[in-house]
Amino acid sequence: MNDAVLHLPREENSGRDDEMDLTQRQRILRMVSQGIPISHIARTEDVDRKAIYRALAQPTKAPPQEAPSTLIAPYVPQIEEWIQKGFTAVWMYQELRRQHRFPGSYDTVKRYVATVRPPKPPESVIRFETPPGDQAQMDWAHFKLTDDNGRIHRFYAFVWTLSYSRWMDILWVPHCDIRTIIRCHEQVFSRHGGVPAEILYDRQSPVYQKQRKEEIVLNPIFEQFARHWGFEPVVAQARRGQTKGKVERPIRYIRGNFYPSVETFESLDKIQNDCDLWLQTCANIRLHRTTRER
């Protein structure tokens, strides 16, 4: 008896593109933006691959906006102006409470903001966590403000984040040279009561000098400083901002949550005092998404 192969008729996926509702289409588009293979999406969503390609070719329609609630309606023009400036919903809620004694909740503001400004698609980046005390990340952020006389002041924020706990420290300084970065390090070492095993930097001039083939050449003054304190300076790869995500994201948080409340420049000491209070009462008491602790 000869071996025989029984060929069964292949069943087509039961899903059809004309039966794909808006929710499923948005879900599929989100998975495609995350780099998930079309074949995997087709199996997961039970639709034909051709239907997915047709969905991708269709223009994306914005979901219909809900009418604002009676609580939020009087503040819509102000909120939309803040949205155009890139402020966060948290900051907008705080300012509505402070300036207008807004009677509603944060969720009311957040829901309305979401209808006007859709959330950004999630980044396809693999997250990694470091043990306590193992790593800190440091970066500079540049700011400018106008004083009451119309004079523009440019200054910098030395932003420091412990990679495990996300505990932040910020020092406001007029320069970002080698003397300043050393002084800021020693100040946060004193504030923290210790030194992490390694500190991650981008290719900033006070730390990084050049790359010779595979070797990273550090500023000799900073290299000696690191040896004195016993930590390992680690320089991130070029054009890889994700490597320092634990300090890049806090900088966006500072720009969106603290900085808009600084209306005019009085002095760096005034900004430092206000920022220290913000760190104590807002930034450093948030619940950590990974550890579920403050």
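Here is a short chat about the aromatic rings in this predicted model.

Residues are numbered from 1 along each chain as its sequence is written. In this predicted model, local features need pLDDT of at least 70 and side-chain atom pairs pLDDT 80 or more, while totals for chains, interfaces and linings use all residues, and side-chain values use heavy atoms, with hydrogens and water left out.

Reader: How many aromatic pairs does the structure hold?
Author: Rings of Phe, Tyr and Trp (its six-membered ring) pair if their centres lie within 6.5 Å. On that basis, the number of aromatic pairs is 23.

Reader: What kind of pair do Phe143 and Phe155 form?
Author: Planes under 30 degrees apart count as stacked, over 60 as edge-to-face and the rest as tilted. Phe143 and Phe155 sit 6.4 Å apart centre to centre, with 15 degrees between the planes, and the pair is stacked.

Reader: Is Phe143 buried or exposed?
Author: Buried means under 20% relative accessible area, exposed over 50% and partly exposed in between (1.4 Å probe, protein chains only). Phe143 has 3% relative accessibility, so Phe143 counts as buried.

Reader: Which residue lies over the face of Phe143?
Author: A charge sits over a ring if NZ of Lys or CZ of Arg is within 6 Å of the ring centre and within 35 degrees of the ring normal. At 4.4 Å from the ring centre of Phe143, that residue is Arg255.
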